[in-house]
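Have the structure open while you read.

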Amino acid sequence: MSEIDALSAKLTQAKESVTRRFIGQNQVVDLVFSALLCGGHALLVGLPGMGKTRLVDAMSTVMGLQGARVQFTPDLMPADILGSEVLETAVDGTRSFRFIQGPVFCQLLLADEINRASPRTQSALLQAMQEKSVTIAGQAHKLTPPFHVLATQNPLEQEGTYPLPEAQLDRFLVQVDVEYPDRDTERAILLATTGTQDGDVHAVLTADELIDAQALIRKMPVGDSVVELILDLVRACRPDTDEASNLVSTRVAWGPGPRAAQALMLMVRARALLDGRLAPSVQDVVDLAGPVLIHRMALTFAARAEGHSLNALIAQVAQDRLQKRAAA
């Protein structure tokens, strides 16, 4: 309990520091913090100018992580991310290959506009995101822990882009939708970012402390009611199965796999920790269902033509499963 209290206090300081640079949007900040606490990656989806890059930069500083940025473009090659081997000639005339590390050898990688690179380049991150290592010329190179990818994506401008494949989307623990700020928040942003001084951001945690926090997250107890609701929800979102709801059977083309349940289990623990609670609740499952599941599902063509949205469908299924379990 003392460990959780101490960590919760530090996380409160970290959030306060981040929000000096990334004003408002508390839900966005909480989701990104939760993804890092779970040891996972996050996909930030929002229009240009919403502060996504600014948020990632602030997170890198506050969490004490070595950060790197890659601007994804159509001509970007895998070697530009992973690194490459170069042939060197020594003084005595002997030649040998030396591996030069790419920007992926960091602790927090900002993959800016990740869907602008070709599928070949996108796939270069798959091994790094899942196995925390990269293979160059048959030689495996381990990444320094902790390693996280925060990728950004513009949901509107799709010309000249390559949609992320489902296998890579599933590697992201959570999708964070960065929406327009409300009027008061936008006013605060306007005043804070057009003056002579920017918000002060300082390191609150270290990489080692983050690793300890990630280990602590996995030790947090989870009640049977939370576990069963996670299973009910994930299994209900899979079409063509006996447990699928009517909405899912008629509107969903494909649903989430077991990795979605794992992600939801970790995220509810992280949310409880951020709130200073010792264990997650069933409401945490309902609230986090959308960010965890939305990029792991797809609507049918007919459902999209009728104007249905995944966010609304997931929220409805989560509420239905919660009420059904409460009535049981």
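## The cysteines

Let's start with C237. Its sulfur has its closest cysteine sulfur in C38, 19 Å away, which is too far for a bond. Bear in mind that this is a predicted model.

A disulfide is a covalent bond between the sulfur atoms of two cysteines. The cut-off for calling one is 2.5 Å between the sulfurs, and the tally for this structure is zero disulfides.

## Helix α12

Now move along to α12, which runs over residues 258–274. From first C-alpha to last, this 17-residue helix reaches 25 Å, close to the 24 Å expected at 1.5 Å a residue.

## What covers it

How many of the 17 residues of α12 are buried? The count is 12, so the helix is mostly covered, taking buried as under 20% relative accessible area. Among them are the alanines A260, A261, A263, A270 and A272, along with L264, L266, L273 and L274. M267, V268 and R269 are on the buried list as well.

The cover over these buried residues includes the helices α1 (2–21), α2 (26–37), α9 (207–219), α10 (224–236) and α13 (282–293). Strand β9 (174–178) is also part of that cover.

How values were computed. Residues are numbered from 1 along each chain as its sequence is written. This is a predicted model: local features need pLDDT of at least 70, side-chain atom pairs count only at pLDDT 80 or more; totals for chains, interfaces and linings use all residues. Side-chain values use heavy atoms; hydrogens and water are left out. Helices (H or I, at least four residues) and strands (E, at least two) are DSSP runs, numbered from the N terminus. The expected span of a helix is 1.5 Å times one less than its number of residues. Buried means under 20% relative accessible area, exposed over 50%, partly exposed in between (1.4 Å probe, protein chains only). Contact means heavy atoms within 4.5 Å.
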